Amino acid sequence: MAHLGSRRTRALSLPVGLALTASLGFLPTAAASAEPMDAQPTAAVSTDGPKLSYVVNTRGGHGTVKQVKKAIAAAGGTVVIAYDQIGVIVVHSQNPDFAKSIRRVRGVDSAGATRTSPIVPQATTDTGVEQPLTAAQAKAASAKATGDQDPMEPLQWDLPAIKADQAHKRTLGSSKVTVAVIDTGVDDTHPDLAPNFDRRASANCVSGAPDTTDGAWRSKPGESNHGTHVAGTIAAAKNGIGVTGVAPGVKVAGIKVANPDGFFYTESIVCGFVWAAEHGVDVTNNSYFTDPWMFNCKNDPDQGALVDAVARATRYAERRGTVNIASSGNSAFDLASDAIEDTGSPNDSTTVTRTINPRECLDIPVQLPGVVTVSATGAKGLKASYSNYGNGVIDVAAPGGDSTAYQTPAPPATSGLILSTLPNGEYGYKAGTSMASPHVAGVAALIKSTHPHASAAGVKALLSAEADATACGAPYDIDGDGKIDAVCEGGKNRNGFYGAGVVNALNAVRW
């Protein structure tokens, strides 16, 4: 059951203190060593094991995929969907030896189970407890709104922190630009999201295959409201109600990839990136890690296959012009270190303890090549106490919120967390690198609005170029107890806490 500071979505709710997350990977095992074979398995196939989901990654063209599909059937697998454009096939099987068998088939690069627990109907649980905005707080904020501010905008210290309020005087962003929130679902009926919602680019990918039934992209009652909060930070409309997004004139789409328990499995993630790539999405926001292992070791046959599948999907999206933004995580880990201890994975079955090298065992999609990695800052502009970091890993930083006791915002804002939209027309506060990443996605959308012909690589280059370089500063003792809580390495122009710097929305629209 999910809990405060859940590992599944990188959001923290901090009404009292600070909840940190630590989610990593599973013990690596030896890779299969059998030689590839052309023929499909002929021996009797067991079908009495737990029903698991697999990704099978192929090489070659459609002919190879066709032959692999035959082998999948012979090995006791059922194809859910085949993404021939990237050579990834999603399969269900109850054959305990399915992965071992299919890895021996000629044309298969890798194959692995996407989970360690059986596919079963899921109960609905939440993945965190937000702090809802009370009517009294909303009324007080509205009384302090000035000029063309939306009523709750005075509480959004994060907008002036990246000069988004100044950027809005120049442009709100183009309605021709779409940002897809690959997440737990988006409530497109929210009055602050409905004006900007892109239904055509929205879908439910939980099964690994897209479902475009009306409303399928929404979170259901009892499910996490995480995606709706993220969507508001990106593109809540500047319409005289509620809050304002970083890019309130662009479109936002919802691609639901989390199951009712809040797990983000590989087949769903692959579906999400491919769907975005093929439906004109300019930017994707990814505030999660791919369950059940936070760090996937490439020398493990199952985990390596997951890295391969998601990497194929992100590369495909970028080739189609999509910029992929991802949150770095809430465990206060140095992702550039030689070793990190994992005590909480796999998170869908029995956990184990291991020490991993984050250069060899990757958090996906955040550590994949080409993905923009985002750390979080608080209201004082310092690295948030929970945020992962790492010199050479973090690309840019953005507001994600922090404990108000650690980083108190300037009045009239009262909370050090991030205020945004919640389902059913509500608003509330959350914190985490989940909240930092959508600020960067919004700035990327403003860049694309200003430079409509820019490639994905061009937008990423401008993201770094427009950022405000931020030095490491004084030794990092965020809680003031006299103990150094993290070590920042690097110079002012690029370091482990802030990457190239804190993103700057004003620069994004005037360059």
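Two strands pair if DSSP finds at least two bridges between them. Helices (H or I, at least four residues) and strands (E, at least two) are DSSP runs, numbered from the N terminus. This is a predicted model, in which local features need pLDDT of at least 70, side-chain atom pairs count only at pLDDT 80 or more, and totals for chains, interfaces and linings use all residues. Residues are numbered from 1 along each chain as its sequence is written, and side-chain values use heavy atoms, with hydrogens and water left out.

Start at strand S8, residues 251–256. Strand S6 (residues 178–183) runs parallel to S8 and is joined to it by six bridges. Strand S7 (residues 203–204) is also parallel to S8, through two bridges. Lys 256 in S8 stands opposite Asp 183. Lys 256 also stands opposite Asn 204. Five of the six residues of S8 are buried (under 20% relative accessible area, with exposed over 50% and partly exposed in between; 1.4 Å probe, protein chains only). S8 is therefore largely enclosed by the rest of the structure.

His 168 sits in the loop between helix H5 (164–167) and S6. His 168 is buried, at 8% relative accessible area. Beyond its neighbours within four places in sequence, His 168 is in contact (heavy atoms within 4.5 Å) with Thr 244, Gly 245, Val 246, Ala 247 and Pro 248.

Next comes helix H7, residues 266–277. Twelve of its twelve residues are buried, so H7 is largely enclosed by the rest of the structure. Among them are Phe 273 and Trp 275.

A separate open sheet has three strands in the order S5-S18-S17, with antiparallel pairing. Its edge strands are S5 (131–132) and S17 (418–422), each pairing on one side only. S17 and S18 (residues 426–430) share five bridges. Ile 418 has Lys 430 as its bridge partner in S18.

Now the rings. The structure holds eight aromatic pairs (rings of Phe, Tyr and Trp, its six-membered ring, with centres within 6.5 Å; planes under 30 degrees apart are stacked, over 60 edge-to-face, the rest tilted). Phe 295 and Phe 333 form a tilted pair, 6.5 Å centre to centre, with 45° between the planes. Phe 295 lies in strand S10 (residues 295–297) and Phe 333 in the loop between S11 (323–327) and S12 (340–345), so the pair ties together parts that are 38 residues apart in sequence. Both Phe 295 and Phe 333 are buried. Tyr 476 and Phe 497 have ring centres 5.1 Å apart and planes at 75°, so this pair is edge-to-face. Ring pairs link Tyr 389, Tyr 476, Phe 497 and Tyr 498 into a cluster.

Definitions and conventions
Expected span 1.5 Å × (residues − 1).
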